Amino acid sequence: MSSPVFSDNPRAIVYFVAVAKAGSFTAAANELGISKSALGKSVSKLEQHLATKLLYRTTRKLSLTTEGEAYFASCQSALDTLHAAETSLRSKLSEPSGTVRIDMPAAFGRSVMMPILLGMTERYPHLKLTLTFNDRIIDPLDAGFDLAIRYGALKDSADLVAKKLNDQHLVLCASPRYLERYGCPQNLQALSQHRCLMAWRGGSPLSWRVKDDNGQEVRFNPPPFHQISDGDAMMDACMAGAGIVQFPEALLRPFIVQGKLVTILPEFAPSPTELNIIWPRSYQRLPSVRFIIDELVSLAGQNAFG
């Protein structure tokens with residue numbers, strides 16, 4: 001049985017990536033400072049080991065096969081990770097560096113987390129971020145992130161690790177314009193007759209969490225008037241008088257203070273929901289990732305997230 005190529009000869013990976021990026025054996029050989037013949041033999045041995053053709057070679061053109069494109073993307077990502085780890089180790093971890101991919105809920109990510117994260121990059125100019133904003137449920141099989149921020153307790157998972165940042169208090173809100181036009185509901189039954197703006201996830205609206213008349217926490221599903229998939233758009237619609245929303249108070253507080261929104265039915269507010277930072281369990285966390293986790297946990301202790 002042959003041994004793994006990467007552990008046996010990591011140069012084979014580096015050489016293949018160089019050829020794929022250059023699109024030419026000649027250009028890659030010149031860049032690497034080796035002969036074109038040696039480079040060709042190295043890539044051929046790699047293909048033999050993988051039992052897969054990675055490159056189409058003609059006298060005029062060199063291109064990646066479908067399998068080669070997928071392998072190149074994986075190799076490039078692995079080399080980027082190794083480079084970031086080496087950079088951090090060389091600096092003795094004194095300065096976080098490299099790219100960290102962070103996925104966040106749209107409204108909370110843009111208004112609360114992004115300014116905090118960008119502040120970190122101002123302090124550490126070699127720290128780079130890839131930020132994505134969406135409210136979908138985390139899929140461990142298609143994570144695509146180093147870190148993610150999500151509301152709600154994490155279910156037991158062999159694929160994900162979560163660390164609680166703080167508790168978020170959910171509130172129902174409407175604009176003064178809406179309440180003037182439609183009135184303020186006095187109980188949950190009346191709420192069902194109002195224009196409720198519901199989050200749209202995975203083909204159906206998300207229910208609200210409330211306490212019923214007996215103080216028991218329940219899932220409440222009022223008839224949705226509008227269903228919106230983006231948190232920022234939901235808040236904009238609410239402030240425009242389109243209906244009632246349920247959101248974490250930390251997000252709505254600035255608009256409540258400004259008088260743009262009014263809390264309603266506070267006696268039916270549920271227990272707080274967790275705000276968690278999440279990462280793939282199998283992922284070997286780089287120093288820059290550990291740095292961001294530690295910073296966010298420290299800021300949570302200072303009540304930075306409301």
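With which side chain does the side chain of Asn 276 make a polar contact? In this structure, which is a predicted model, the partner is the side chain of Glu 274, at 3.1 Å.

Asn 276 belongs to strand E15, which covers residues 273-280. Its relative accessibility is 3%, and because buried means under 20%, Asn 276 counts as buried. Besides the contact with Glu 274, the side chain of Asn 276 reaches a backbone atom, the oxygen of Gly 152, at 2.9 Å. If neighbours within four places in sequence are set aside, Asn 276 is in contact with residues including Ala 148, Ile 149, Arg 150 and Gly 152, and also Lys 163, Lys 164 and Leu 165.

Let me turn to the sheet. Strand E15 is one of five strands that form an open sheet with mixed pairing, in the order E4-E3-E5-E15-E6. At the edges are strand E4 (127-133) and strand E6 (160-168), each of which pairs on one side only. On average, neighbouring strands of this sheet are turned by 20° against each other, direction ignored. Within the sheet, strand E3 (residues 98-104) pairs with strand E5 (residues 147-151) in the parallel sense, over two bridges. In this region Ile 102 stands opposite Leu 147 of E5.

Next comes the helix. Helix H6, residues 106-123, lies across E3, E4, E5, E6 and E15, and runs at about 180° to E4. The buried residues of H6 include Phe 108, Val 112, Ile 116 and Met 120. An α-helix has 3.6 residues a turn, so residues three or four places apart point the same way.

Finally, I come to Leu 179, which is placed in helix H7 (residues 176-182). Is Leu 179 buried or exposed? Its relative accessible area is 17%, and because the limit for a buried residue is under 20%, Leu 179 is buried. Leaving aside neighbours within four places in sequence, its contacts are Ala 174, Cys 184, Val 262 and Ile 264. Of these, Val 262 is 83 residues away along the chain, and its C-alpha atom is separated from that of Leu 179 by 8.7 Å.

Note on methods
Residues numbered from 1 in each chain as written. Predicted model: local features only at pLDDT ≥ 70, side-chain atom pairs only at ≥ 80, totals over all residues. Heavy atoms only, no water. Helix = DSSP H or I, 4+ residues; strand = E, 2+ residues; numbered from the N terminus. Buried < 20%, exposed > 50% of the residue type's maximum accessible area, 1.4 Å probe, protein only. Polar contact = N/O pair within 3.5 Å; in protein donor to acceptor, adjacent residues only side chain to side chain. Contact = heavy atoms within 4.5 Å. Pairing = 2+ DSSP bridges. Axes fitted to C-alpha atoms, helices over the stretch in contact; angles between N-to-C directions.
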